[in-house]
Amino acid sequence: MTKWKIIGFFIFGIIIALTLIIALWFIRPNTSQVDPSLILEVWEAVRDGMHNSNTDMVYFNNYFYLVHASSPYHFATPECKLIVWRSTDCKQWEKLSTIQIPGEDIRDPKFLAIGNKLILFVLKSIEFTAEPYSTAYLISSDGKKWSSLQEIAHKGWLFWRPKTFDGKRWYVPAYWHEHGKAMLFTSTDGTSWEPVSLIYEGDRCDETAIEFLPDATMISTQRLEYSDSWIGDSRACTGIRIAKPPYTQWAGIKDYSTRLDGPALFAFNGKIYAIGRRNPYTPGLLNKYGSILAKKRTSLWLVTPEKLVWLSDVPSAGDTSYAGYVIQGNTLYFSYYTSDIHHDYPWILGMIKESPIMMGKLDLNVLEQLAYTKQ
């Protein structure tokens with residue numbers, strides 16, 4: 001065998017090895033860690049071949065309402081639309097309406113049921129990288145017919161999920177469209193909002209969620225990106241801040257166990273929990289938190305003023321998270337989206353593949369017990 005044949009076989013071997021490594025990377029089996037004590041029930045709500053994402057839920061006029069984005073892929077496109085559904089049991093869903101903005105992307109919908117009206121907040125975007133620039137809202141009495149789209153008065157602020165402690169005054173966290181600031185707003189009617197305080201500033205802060213402790217103390221989480229690098233940033237983490245009424249003075253810490261993307265916070269028996277994205281790996285050169293090459297999970301967390309406590313994954317992989325939820329008694333119903341849960345796609349592949357909308361159901365007393373054992 002000549003020297004050139006040996007070199008040829010060697011190069012061919014390297015190509016085969018690299019091909020196998022890449023193939024295994026893309027089709028490796030899923031390793032979600034779902035705690036068996038949860039007795040978690042999960043099922044598909046929507047699978048139609050689209051890249052479905054960005055969910056929210058609310059209970060309104062004796063129905064569960066679900067909304068999600070539907071698009072060819074994760075990135076911004078005028079083809080993206082929001083689809084609204086309703087159900088009596090979270091199993092059988094009736095499609096009510098489709099909302100689209102001509103020539104623009106629409107995403108990150110958030111419901112607010114206030115009185116006899118259902119408000120839907122949406123984020124508008126025109127950049128391919130899905131960087132929203134404005135919040136708008138629509139109003140409906142049944143989820144079928146909606147008012148015309150109206151802009152909020154405070155341009156440039158991107159609303160997250162509204163919350164109330166007393167059922168009379170509502171609060172909503174919002175992040176600045178250029179990143180780096182999170183603000184708290186308040187309203188009594190759901191459409192006229194006034195600023196209260198700056199929750200956080202710096203560190204390329206964006207997606208910000210809030211919830212109330214029993215004494216009306218507000219707790220907030222912030223997605224801290226630090227940079228927009230496609231391989232993430234070694235400083236990326238989750239901000240946790242608290243404020244007592246009237247919510248003008250904030251203090252808190254940074255938690256480096258994950259970057260909590262797509263946060264949905266909820267309260268049960270005096271504790272705060274979150275459904276949000278987990279980064280199930282040790283950050284490295286190409287897979288820092290936020291890296292498009294890394295694995296992602298949708299997970300359940302305990303949120304305290306001092307730290308995040310990971311409780312369990314839910315079946316998820318690839319592009320995933322952005323949950324909605326409804327609490328009925330001791331039962332949590334929640335929605336989220338995910339790439340194929342039988343594989344462990346890196347985030348970038350998940351962003352261009354189809355993704356169904358999933359529903360989950362669990363007993364909150366069991367989640368509380370799990371939190372007790374892990375805390």
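Tutor: Buried means under 20% relative accessible area. The model is predicted. Take strand E17, residues 237–243. By that cut-off E17 is mostly covered, with six of its seven residues buried.

Next, the neighbours of E17. Strand E16, residues 218–224, pairs with E17 in the antiparallel sense over seven bridges. Within this pairing, Thr221 stands opposite Ile240 of E17. E18 also pairs with E17 in the antiparallel sense, over five bridges. Here Ile242 has Ala251 in E18 as its bridge partner. In a regular strand, side chains alternate between the two faces of the sheet.

Now the loop between E17 and E18, where E18 spans 251–255. Tyr247 sits in that loop. Tyr247 is buried, at a relative accessible area of 3%. What does its ring meet? The rings of Tyr171 and Tyr247 have centres 5.2 Å apart and planes at 80°, so the pair is edge-to-face. This pair links distant parts of the chain, since Tyr171 belongs to strand E12 (residues 170–176), 76 residues apart from Tyr247. Tyr171 is buried too, with 12% relative accessibility.

Cys237 brings in the cysteines. The closest cysteine sulfur to that of Cys205 is in Cys237, at 10 Å, too far for a bond. A disulfide would need the sulfurs within 2.5 Å. The structure holds zero disulfides. Cys205 counts as buried because its relative accessibility is 0%. Cys80 is also buried, at 2%.

Back to the rings. The structure holds 25 aromatic pairs. One of them joins Phe75 and Phe128: the centres are 4.9 Å apart and the planes lie at 15°, so this pair is stacked. Phe75 is in the loop between strands E3 (63–71) and E4 (81–87), while Phe128 is in the loop between E7 (117–125) and E8 (134–140). The two are 53 residues apart, and the pair links distant parts of the chain. Phe75 has 18% relative accessibility, so Phe75 counts as buried.

There is also a cluster. Phe121, Tyr137, Trp157, Phe159, Trp176, Phe185 and Trp193 form one aromatic cluster.

Technical notes
Residues numbered from 1 in each chain as written. Predicted model: local features only at pLDDT ≥ 70, side-chain atom pairs only at ≥ 80, totals over all residues. Heavy atoms only, no water. Buried < 20%, exposed > 50% of the residue type's maximum accessible area, 1.4 Å probe, protein only. Phe/Tyr/Trp six-rings, centres within 6.5 Å; stacked < 30°, edge-to-face > 60°. Helix = DSSP H or I, 4+ residues; strand = E, 2+ residues; numbered from the N terminus. Pairing = 2+ DSSP bridges.
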